[in-house]
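Here are some notes for a colleague who has not looked at this structure before. Please read them with the model open.

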Amino acid sequence: MPVLIVIGYGPGNGHAIAHRFGREGWSIALVGRRAERLQAGVAQLEATGVAAHAFVGDAGDPDSLRATLRAIRADLGPVSAVALTAYRNVVVDDVLTADPETVAHVFDIGVAGLLAAVQTTLDDLRTASGAVLVVNGALGLQDDAIDGYAVSFGGDGVALECSAKTKLVGLLAARLRPEGVYVGEVVINGSVQGSPHAGPTAIDPAEIAERLWRMAAERVETHVHIAEQRP
C-alpha cells in the first residue's frame with residue numbers, strides 16, 4: 001500500500017487530498033500541530049474506508065518535521081508521496097517596517113519545511129518514483145495588481161512565501177525529474193470553500209485534490225493555476 005504524507009492537514013485542501021488518494025488505496029499520514037484536528041480527520045477518513053493515521057509535527061520546525069517523518073516511515077513503511085498544504089500565517093504586514101529577522105521566518109514552512117520534507121523522504125521517493133505535491137497561493141505571482149492586493153491587506157509576508165515556494169518547486173522539479181521523482185504545485189487564485197474568507201464562488205477543495213491526483217499521474221506540468229470563477 002503506497003503511503004502519502006499530508007503536511008499541514010486541515011479540513012479543506014488537506015482533507016480533500018487525503019480522501020482523493022485514500023480512495024485509490026493509499027495509506028494516509030496526516031501531519032499537523034493539533035492532535036484533536038488530526039484525530040477528527042482520521043475518523044472522517046476512516047468512515048469513508050480510507051486508511052488514515054495521525055502524527056503530530058510542526059511544518060515550521062525542521063527538527064520536529066524530520067522526527068515526525070521518520071516516525072511515519074517506521075510505522076507505515078516507505079513513503080511514496082508528500083503533499084504540503086501548510087502555509088505561514090501573516091507575520092509580515094509591511095516590508096518597509098518589518099524587522100529583517102522577522103521576514104526570515106516567512107520562509108519557515110514554504111521553504112525550510114518543504115526542503116526538510118523532501119530531503120528526509122528523498123531515498124523513498126527515488127525508489128518509488130514518487131511525487132512531491134504542493135498547494136500554493138497566487139499572491140506569489142509576478143503581477144502588479146496582485147502585489148497591490150497583497151499590500152492592501154498587509155499580506156507582504158504571505159506573498160513572499162508564495163513566491164519563494166513556487167521557485168523552490170521549480171528547482172526541485174528540475175533536479176528530481178531526471179531521477180524519476182515528480183514535483184508539482186497547484187497555485188490557487190481565489191478563495192477555497194470552507195476557508196474563513198470563502199465567497200459564494202469559492203473553489204471546491206475536491207477540485208484542487210483532483211488536479212493534484214491527475215498531475216501526479218501524468219507527471220507533465222509543474223505549475224498549474226486554478227482560479228475562482230467570479231461572475
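**Notes on the sheet and its helices**

1. Helix α8, residues 205–218, lies across strands β5, β6 and β7 and runs at about 155 degrees to β6. The model is a predicted one, and the points below should be read with that in mind.

2. The strands that α8 lies across belong to an open sheet of seven strands, ordered β3-β2-β1-β4-β5-β6-β7 and paired in parallel. At the edges are β3 (51–56) and β7 (223–227), each of which pairs on one side only. From one strand to the next the twist averages 20 degrees. As background, strands of a sheet pair through backbone hydrogen bonds, either parallel or antiparallel.

3. One pairing can be followed in detail. Strands β5 (residues 131–137) and β6 (residues 182–189) run parallel and are joined by seven bridges. Asn136 has Val187 of β6 as its bridge partner. Helix α7, residues 156–176, also packs on the sheet, where it touches β5, β6 and β7. The direction of α7 makes about 155 degrees with that of β6.

4. How do α1 and α8 lie relative to each other? Helix α1 covers residues 13–22, and it packs against α8 at an angle of about 50 degrees, with the axes 8 Å apart. An angle between 35 and 65 degrees falls in the oblique class, so α1 and α8 are oblique to each other. Their crossing is right-handed.

5. From α1, the contact is made by Asn13, Ala16, Ile17, Arg20 and Phe21. From α8, the residues are Pro205, Ala206, Ile208, Ala209, Glu210, Leu212 and Trp213. By type, the residues of this contact divide into nine nonpolar, one polar and two charged.

6. Most residues other than glycine have a negative phi. Ser129, which is not a glycine, has a positive phi near 50 degrees. Ser129 sits in the loop between α5 (108–128) and β5. Its relative accessibility is 38%, so Ser129 counts as partly exposed, the class between 20% and 50%.

7. Where is Arg219 placed? Arg219 is in the loop between α8 and β7. Arg219 has a positive phi of about 55 degrees, although it is not a glycine. Because its relative accessibility is 33%, Arg219 counts as partly exposed.

Note on methods: Residues are numbered from 1 along each chain as its sequence is written. This is a predicted model: local features need pLDDT of at least 70, side-chain atom pairs count only at pLDDT 80 or more; totals for chains, interfaces and linings use all residues. Side-chain values use heavy atoms; hydrogens and water are left out. Two strands pair if DSSP finds at least two bridges between them. Helices (H or I, at least four residues) and strands (E, at least two) are DSSP runs, numbered from the N terminus. Axes are lines fitted to C-alpha atoms, for helices over the stretch in contact, and angles run from 0 to 180 degrees between N-to-C directions. Contact means heavy atoms within 4.5 Å. Angles under 35 degrees count as roughly parallel, over 145 as roughly antiparallel, 65 to 115 as roughly perpendicular and the rest as oblique. A crossing is left-handed if the near helix is turned anticlockwise from the far one by less than a right angle, and right-handed if clockwise. Ala, Val, Leu, Ile, Met, Phe, Trp, Tyr, Cys and Pro count as nonpolar, Asp, Glu, Lys and Arg as charged, and the others, Gly among them, as polar. Buried means under 20% relative accessible area, exposed over 50%, partly exposed in between (1.4 Å probe, protein chains only).
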